Amino acid sequence: MEWTTVQHLDLRHVGRGLKPLQPHAASFHPNQALIAVAIGSYIIEFDAMTGSKISSINIGSPVVRMSYSPTSGHAVVAILEDCTIRSCDFDAEQTCVLHSPEKKTEQISSDSEVHLALTPLQPVVFFGFHKRMSVTVVGTVEGGRAPTKIKTDLKKPIVNLACHPRLPVLYVAYADGLIRAYNIHTYAVHYTLQLDQTIKLIGAGAFAFHPTLEWIFVGDRRGTLLAWDVSTERPNMIGITQVGSQPITSVAWLPMLRLLVTVSKDGNLQAWKTRVILNPNRPPMQANFFEPAAIESIDIPRILSQQGGEAVYPLPRIKSLEVHPKLNLAALLFVNMSGGDNVKNRAAYTREGRKQLFAVLQGARGSSASVLKEKLSSLGASGILADHQLQAQLQEHHLKGRSQLTISDIARKAFLYSHFMEGHAISAPISRLPLITVLDVKHHLKDNPVCQPFHLELNFFNKENRVLHYPVRAFYVDGVHLMAYNLCSGADSIYKKLYNSIPGNVEYHPKYMVYSRKQHLFLVAYEFSGSVNEVVVYRENTDSQAANSKCTTVKGRDAAFIGPNENQFGILDDDKTGLALYILSGKTLLEGKESNGTIEDNQSVEPEDGSIKGPMQFIFENEVDRIFSTPLESSLMFASHGNQIGLAKLVQGYRLSTADGHYISTKGDGIKSMKLKLGEIVLK
């Protein structure tokens, strides 16, 4: 899995000013695909899927912190540099001041720390300035409540605030690492999250909440990441790990991938998976709760240059990561590089980087490539080439047909590259906001549910009795279970367990599913880590008297039904060239009564004995990535990524003497096919 850019939100022409600006805050809508971006004194709302600008409001002063209000449909609550708190309503395109400071001269900068917490259970805003002793609560536009200063029971500086997304709880983090949970109505103390004195903490830098479990993730300013289970009366710490020495500034839960992402003050972004050992005989080990997730480290130049963007040098530092609460989508905010200090220090920065690089190259002479690589990776972005540039270098070297490129060659190139870039550094603000996602390169449809769509024919008015038979249920796959969703009651139920047991150390996920309404047959393709892929073949039990039919598994990566009666199916081998054809034997019966000479829609074609004959082997000329069902006799559709989509006729008599199976041509000559552009991928 890797981080990749979905699109860039173009903010280059904001305010029609001559000076380009850089976005400094962003917030996703809690349940819609919308994102609000703060740039200069503007807040702009975009559609997160298409990148279309929806509305723009000049709020009068730059935003320091903002968040969508969970109680009102379409408004953002923001703390501005002039210390006012405003509600920005995108529907009405107007702003309201919820709170203004006592001293009108009070000012903060957009990099200042201010704390803001909103709850979906009450139309109020909790906010506080960093290291003050009190929290202020004020009503939103709907709440209409006068500001009230809450003096907490502990006389300690407050370093963070957060509200539970489902419960009436306000979390207040204090400077000594202690976190108190207060009731949002009465401000009574529910419980305290505190470690023993052996582990030193200096206060929460960021909070994140699990979407279904009562888990709270806390990133401390000492670089410690903690997980608390607050489902019991006495909360207990279930996980702890040291992310690094820098303070954790951002923690976010990726709901679709079930991963946690942390960002440290030095811009280091890391992803973690959580592991709970449910063994009643052994207490869970807190140190093993967080494990680094198997995601490639984020390559900033690649993220900035993908999808029509442009890379920036010197490499910008990540400021924060805003994650959508329901989608596999995040916005990446960077520290502004065009400040005066950065301009002054840039030459020193690149010179210093080259000095370090030179020292590493000198010190690693004669050592192995792995040692040198490790030393270079510790330098970070100051010298060594970014991943996409490294790939380009390797490709160029390969094309010229030279001998193996060593890591020291790359390091020398990096040294020269940083020397060249010192005079060509782009110091302009990054006025595009990248929306990024975690992409599974092997499985682009990972975020899409594995389900069977049903299509209803549009001949409703041609029917005599005007009765349309809807399907009873819709099918989808959840883990090892084939699930049925009842369209009348809206209830989900386990229809069939496709695997009785899978070893705990094997990661698996369902990839594709096809269902034949005529044959009552399911084909579900699974991918397993470290072993071959399998297709589960399951015949639906239509006779209530008969025993439940068993699942059978066939090795393969994709499956499709063939022919108008769907009495054949093909399974694509793991090597992408082999195709196994299976035939459903038995006489096909047409169920359903004829009325006025026409057959009703709910007819089905059912083999009598239900046995499956095969396999008959076919071989594709070139590699094929996907196969699809067609209602054409003995034909299936195939797709090769970046090449073509075509129809293949499975002629059983034609065999090459050299091959061990029937031969299928994938050439575009003489067959119906469609050329794809370079890199185009057929998903569905």
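A nonpolar core, as used here, is a set of buried Ala, Val, Leu, Ile, Met, Phe, Trp, Tyr and Cys residues joined through side-chain atoms within 4.5 Å. Buried means under 20% relative accessible area, exposed means over 50%, and partly exposed covers what is in between (1.4 Å probe, protein chains only). One caveat before we start: this is a predicted model, where local features need pLDDT of at least 70 and side-chain atom pairs count only at pLDDT 80 or more, while totals for chains, interfaces and linings use all residues. Residues are numbered from 1 along each chain as its sequence is written, and side-chain values use heavy atoms, with hydrogens and water left out.

Let's take the overall picture. The protein chain has five helices and 48 strands; these are DSSP runs numbered from the N terminus, with helices (H or I) of at least four residues and strands (E) of at least two. Of its 684 residues, 46% are buried. Contact means heavy atoms within 4.5 Å, and among the chain's contacts with a separation of 6 or more, 52% are between residues 24 or more positions apart. The chain exposes about 35,100 Å², with carbon and sulfur atoms supplying 51% of that; accessible areas come from the Shrake-Rupley method with a 1.4 Å probe, and for residues only the protein chains shown count as cover.

Now for the inside. The largest nonpolar core has 25 residues, and those touching the most other members are Trp 3, Leu 269, Ile 298, Leu 321 and Leu 332. Elements that give two or more residues to this core include strand S22 (248-254), strand S23 (259-264), helix H1 (300-305) and strand S28 (432-439). Pick Leu 269 and look around: leaving aside neighbours within four places in sequence, its contacts are Trp 3, Val 261, Thr 262, Val 263, Ile 298, Ile 318, Leu 321 and Leu 332. There is also a second, separate core of 21 residues, which includes Val 159, Tyr 171, Leu 226 and Met 237.

With 1% relative accessibility, Ile 85 counts as buried. Not counting residues up to four places away in sequence, Ile 85 touches Val 77, Ala 78, Ile 79, Cys 96, Val 97, Leu 98, His 99 and Phe 127. Ser 100 is 15 residues from Ile 85 in sequence, and their C-alpha atoms are 6.5 Å apart.

A disulfide is a covalent bond between the sulfur atoms of two cysteines. Here the criterion is a pair of cysteine sulfur atoms within 2.5 Å, and a search of the whole structure finds zero of them. Cys 96 is partly exposed at 29% relative accessible area, whereas Cys 163 is buried at 9%.

On to the charges. A salt bridge is a side-chain nitrogen of Lys or Arg within 4 Å of a carboxyl oxygen of Asp or Glu, and the structure holds 12. In one of them, Lys 273 and Glu 291 meet at 3.9 Å, N to O. Lys 273 lies in strand S24 (residues 269-274) and Glu 291 in strand S25 (residues 290-292), so the pair ties together parts 18 residues apart in sequence. Both ends are partly exposed, Lys 273 at 29% relative accessible area and Glu 291 at 22%. Arg 626 and Asp 558 form another salt bridge, with their closest N and O atoms 2.7 Å apart. That pair links distant parts of the chain, strand S44 (residues 626-628) and strand S36 (residues 558-562), 68 residues apart. Arg 626 is buried at 8% relative accessible area, and Asp 558 counts as buried at 1%.

Tyr 187 is not a glycine, although its phi is positive at about 65°; it is in the loop between strand S16 (179-183) and strand S17 (189-193). On the surface, Phe 454, Tyr 485 and Leu 487 form a nonpolar patch with about 240 Å² of accessible area together. Patches are made of residues with over 30% relative accessible area and no salt bridge, with like charges joined within 9 Å and nonpolar side chains (Val, Leu, Ile, Met, Phe, Trp, Tyr) within 5 Å. Leu 487 counts as partly exposed, at 34% relative accessibility.
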